[in-house]
Amino acid sequence: MGKIILRIADLRKKSRITQQELADSIGVSFQTVSKWETGASMPDLTVLPLLAEFFSVSTDQLLGLKPLEGETYIPEKTATKGFWNNKLEYLLQTRRSYWNDDYAEFLISQVWKIDRPVSILDCGCGFGFLGLLLLPHLPKGSTYTGIDFADDLIQEGKNLFERQGIEASFIYRDVFEYTAENRYDLVVCQAVLRHLDHPVAFMQKMISFAKPDGYVVCMDVNREFECCGLYIDGMDYQDLCSHEGLEKMWRTELAMQGRDYAIAIKAAHIMQKLGLADVNVRMNDKVEFVTPQSENYNEVKNDFIASNGWNLKLKKNEKEQMILHLMTHGLARKEAEDYCARNEKIMEFFAANPRAGYTFMRGQMISYGRKAEM
């Protein structure tokens, strides 16, 4: 059973009654109701059914073990412009840790065997990270175009490329609504599909942008790999990779809004069903091994901590809101509490051990195929 968080105050306010009115209805003093609401004392077991009946809720709802009516599933907003326009700092903190530069070169020269100038379209480009990664390794004369619906990210991309003296084009549009005038040799996306409500439809749009015989490449993180891919020196690995309950959240989000955290491992099969040829999958070889001996140790470690939210301690009400959110997404209260407690434990460990090292493997899968000749 999870921690008992009496929802009496929430139910009372929802019913628009005072503590005195509730006390009169069930035969106790308003001081007793006040103590219940502050957690100073608990109702007697014989009173719990009376309270549940009074508010027309179950005992589990009264005890905070299940969400109340109205606290229903709220869709994640990761497929919205507003969400990503507020994530520039997060993208800058994380994208540099996705790749070994020599592996990007290996894919281009040895896997895709690109030996002539190509045109790239980066779908859901953000600030254009993939363009900065790939262009130096592509044949001279290759071009990069990024498309995204987050205007702040597009503007940052324009500024970033201009500062570095790299030519690029950016399109401020929703990929789903865009009809390309041109077709491209290489249509790519990275860490996009897992955040979408309709990832297969997005892949279909990507294919429509590709030239005949052009490559379509989807790079995304397998969530299960990612959950088990963290070790912090000095902490228990089994505790770190524990993610009980998250599978329920993933299933709930898939059922409720089509958001599929397993899309990375499914992508190649989907590509084949959508008609791509020569479909295959690679695993990105990037593993972050970070210790005080690493170059730019403090900067890299601090970015890692900040990108995971381990630098911000939640207030009591914020933590409870997080728990309730997770509960509406399928977790039991104890599972939600354990998830929050794990994050708190990691945050406290890093704070107490400023020279801590860690190893992190995202498990990014790279699925690709060629558009069939017409």
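Buried here means under 20% relative accessible area, exposed over 50%, and partly exposed in between, with a 1.4 Å probe and protein chains only. Helices (H or I, at least four residues) and strands (E, at least two) are DSSP runs, numbered from the N terminus. What we have is a predicted model, in which local features need pLDDT of at least 70, side-chain atom pairs count only at pLDDT 80 or more, and totals for chains, interfaces and linings use all residues. Residues are numbered from 1 along each chain as its sequence is written, and side-chain values use heavy atoms, with hydrogens and water left out.

I start with helix H8, residues 101–111. Its buried residues are Tyr 103, Ala 104, Leu 107, Ile 108 and Val 111. They sit on the same side of H8, because the arc they cover around the axis is only 140°; that arc is taken from the directions from the helix axis to the C-beta atoms. The cover over these residues includes helix H9 (129–134) and strands S5 (210–221), S7 (277–283) and S10 (364–370), where contact means heavy atoms within 4.5 Å. After H8 comes Lys 113, with a positive phi near 50°.

Strand S7 brings me to Asp 278, which lies in that strand. Its phi is also positive, near 55°. Asp 278 counts as exposed because its relative accessibility is 57%.

Ala 191 has a positive phi too, about 55°, and is not a glycine. Its place is the loop between strand S4 (184–190) and helix H11 (199–209). Buried or exposed, where does Ala 191 fall? At 6% relative accessibility, it counts as buried. For background, most residues other than glycine have a negative phi.

Next, helix H17, residues 316–328. With 13 residues at 1.5 Å each, H17 should span 18 Å, and its end C-alpha atoms are 19 Å apart, which agrees; the expected span is 1.5 Å times one less than the number of residues. Buried in H17 are Glu 320, Ile 323, Leu 324, Leu 326, Met 327 and Thr 328. These pack against helix H14 (246–257) and helix H18 (333–352). Gly 330 follows H17, and its phi is positive, near 110°.

On a 1 Å grid over the protein atoms alone, a cavity is a set of points where a 1.4 Å probe fits but cannot get out, and lining residues have an atom within 4 Å of a point. The whole structure has one cavity of 30 Å³ or more. The lining of the largest cavity consists of Ser 97, Tyr 98, Asn 284, Lys 286, Arg 362, Gly 363 and Gln 364.

Notes. 1 Å grid on protein atoms, 1.4 Å probe; cavity = no way out; pocket = protein on both sides within 12 Å on 5 of 7 lines; lining within 4 Å. Points joined across faces, edges and corners; volume = space filled by probe spheres on them.
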